[in-house]
Amino acid sequence: MAKKQKYKFAKKEYAKKGVSSSVFAGVTLLLFLVDCILSFFFRGTAGIFVGAIAMMAMLFSVYGFYLGLSGFSEKGTSHVFCILGAIVNGIMMVVWLALFLIGV
């Protein structure tokens, strides 16, 4: 009876820039949630405080998107977090841009 071949896959480290990108995506989502809650409690009159948080979150999403894309250049690493961070940050960039253009 022939033995079955077993494959062993080497464990790869995660790309450092990809992990950072995913952290920025989480922070951006958290700040979006905070902005929504503050706007709800202030009934739309929160003013510059909510706008400053939103601007900071938008910059975080732009930088996180950049980190996610540049993390693909790391050789010999797993790019799971690069993909996750780039997608979430890209979506959040579009959401923040739409909110700023609408003027909400």
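Me: Which helices do the buried residues of helix 3 pack against?
Reply: This is a predicted model: local features need pLDDT of at least 70, side-chain atom pairs count only at pLDDT 80 or more, and totals for chains, interfaces and linings use all residues. Residues are numbered from 1 along each chain as its sequence is written; side-chain values use heavy atoms, leaving out hydrogens and water. Helices (H or I, at least four residues) and strands (E, at least two) are DSSP runs, numbered from the N terminus. The buried residues of helix 3 pack against helix 1 and helix 2 (48–70).

Me: Which residues of helix 3 are buried?
Reply: Buried means under 20% relative accessible area, exposed over 50%, and partly exposed in between (1.4 Å probe, protein chains only). In helix 3 the buried residues are Cys82, Gly85, Ala86, Asn89, Gly90, Met92 and Trp96.

Me: At what angle do the axes of helix 1 and helix 3 cross?
Reply: Two packed helices are described by the angle between their axes and the distance between the axes. Axes are lines fitted to C-alpha atoms, for helices over the stretch in contact, with angles from 0 to 180 degrees between N-to-C directions. For helix 1 (residues 16–41) and helix 3 (residues 80–102), the axes come within 8 Å. They cross at roughly 35°.

Me: How do the residues of the contact of helix 1 with helix 3 divide?
Reply: Contact means heavy atoms within 4.5 Å. Helix 1 brings residues including Phe24, Phe32 and Asp35, and helix 3 brings residues including Phe81, Met92 and Trp96. Nonpolar covers Ala, Val, Leu, Ile, Met, Phe, Trp, Tyr, Cys and Pro; charged covers Asp, Glu, Lys and Arg; the others, Gly among them, count as polar. The contact divides into 14 nonpolar, six polar and one charged.

Me: At what angle do the axes of helix 2 and helix 3 cross, and which hand does the crossing have?
Reply: The axes of helix 2 and helix 3 come within 8 Å and cross at roughly 145°. A crossing is left-handed if the near helix is turned anticlockwise from the far one by less than a right angle, and right-handed if clockwise. The crossing of helix 2 and helix 3 is left-handed.

Me: How do the residues of the contact of helix 2 with helix 3 divide?
Reply: Among the residues making the contact are Met58, Phe60 and Phe65 of helix 2, with Met93, Leu97 and Phe100 of helix 3. The contact divides into 15 nonpolar, five polar and no charged.

Me: What radius of gyration does the protein chain have?
Reply: The radius of gyration is taken over C-alpha atoms, and the globule rule is 2.2 Å times the number of residues to the power 0.38. A compact globule of 104 residues would come near 13 Å. The C-alpha trace spans about 75 × 30 × 20 Å along its principal axes. The protein chain has a radius of gyration of 19 Å.

Me: What pattern does the protein chain follow along the sequence?
Reply: The protein chain holds three helices and two strands. Along the sequence, the pattern is β-α-α-β-α.
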